[in-house]
Amino acid sequence: MMRVIKGAMHRLVARTLALATSSFLLNPSDKEAEPCQEFEGLRVETEEGNQTMKYSNINLKTPFAFSFFLFSSLILSAYSQSESEDHEFNYDEASGRGPSRWGLLKPESKNCSIGRQQSPINIEAVQVRSELGDLQRNYVSAPAVLRNNTEYAAVVWLGNAGSITINGTVYTVDNCHWHSPAEHTLNGIRYPLEIHIVHTSDQNQTAVVAILYRYGSPDPFIDRLFGSLKTLKTKDRPLGPVNPESIKFPGRNYYRYKGSLTTPSCSEGVVWKVFQQVKTVSHSQVDALKHVLPPQNRNNARPTQPLNGRPVLLYDPPTSGN
Ligand SMILES: [Zn+2]
């Protein structure tokens, strides 16, 4: 969300520090390192972000020089990581940065490899629970933008667009975004599209509501964004006030389980609610959602993850169908 600001600060800090530290760098041939290559966890990028300066052989002549260099490196490292973290992974296994390697890309993402409660999952055997209750939601209209973060297209709310409540915890809606094909599968069936409506509590817990789509009639919510979507680049498009309720949740029944974010860091403890009823979307809508993304992210579904004994509950109200 703060990428633009971070990017500008990063460039400013990078420019200043590149100038300041360049006098300490003694071996020009070391500049021919791979782009974004990391050296023992510290990274130095030039303004263009395409040259890395190796400083393992730096001759640090004075304590002041060493202190300044260390301090500069730490600041720059922090900015570099915060700006680039979202783009260090993709969905193309051939790139070496695809889903099977996400957990190896950085320490903070290790859950992608070793986590035991990961998402998405194949939803198959379920425990029916009529007492779970309808999804309690209290959405309102708030200004939103359409954003392309290169991993997916998203509607991001800039104001408070309301919340859902699960077991007494209030989760405020943050964004909704699309994965194509769908990430969750139902009895092994993978649908062409899935929307994630992401909510966060005051304690920074995450709850995601998911809806699956099969091909059919166009989806009215996507239809409203369609004009902006087709030409969406990396600059946010203002959408005016958007009420999350206009996504139109299908029916009352939902699956619930405990999982993770489906992108790095793959953090766990995420409450998932996946609606049982599947909605429809047109081919051209799915195509538009895919084609604003770079080729390596056009199939932005993480493979399903082992259940590892987790229960999947199905809310099926007794009055369903009446
Ligand atoms: Zn998602």
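Here are a few friendly notes on this predicted model, taken point by point.

1. Let's begin with the whole chain. The protein chain has 322 residues, and 31% of them are buried. Its secondary structure amounts to 6 helices and 15 strands. As for contacts between residues at least 6 apart in sequence, 68% of those in the protein chain link residues at least 24 apart.

2. Helix α5 is worth a look on your screen. This helix covers residues 220-230, and its buried residues are Phe221, Ile222, Leu225 and Leu229. Viewed down the axis of α5, these buried residues lie within an arc of 75°, so they line one face of the helix.

3. What covers the buried residues of α5? The cover includes the strands β4 (142-148), β5 (153-157), β11 (237-242) and β14 (279-281), along with helix α6 (283-291).

4. Is lysine 290 buried or exposed? Lysine 290 counts as buried because it has 20 C-beta neighbours inside 10 Å, and the cut-off for buried is 20 or more.

5. Now for the surroundings of that lysine. Setting aside neighbours within four places in sequence, lysine 290 is in contact with Ser180 and Arg298. Serine 180 lies 110 residues from lysine 290 in sequence, yet the two are 7.0 Å apart in space, C-alpha to C-alpha.

Technical notes
Residues numbered from 1 in each chain as written. Predicted model: local features only at pLDDT ≥ 70, side-chain atom pairs only at ≥ 80, totals over all residues. Buried ≥ 20, exposed ≤ 12 C-beta atoms within 10 Å, placed from the backbone. Helix = DSSP H or I, 4+ residues; strand = E, 2+ residues; numbered from the N terminus. Arc of directions from axis to C-beta. Contact = placed C-beta atoms within 7 Å.
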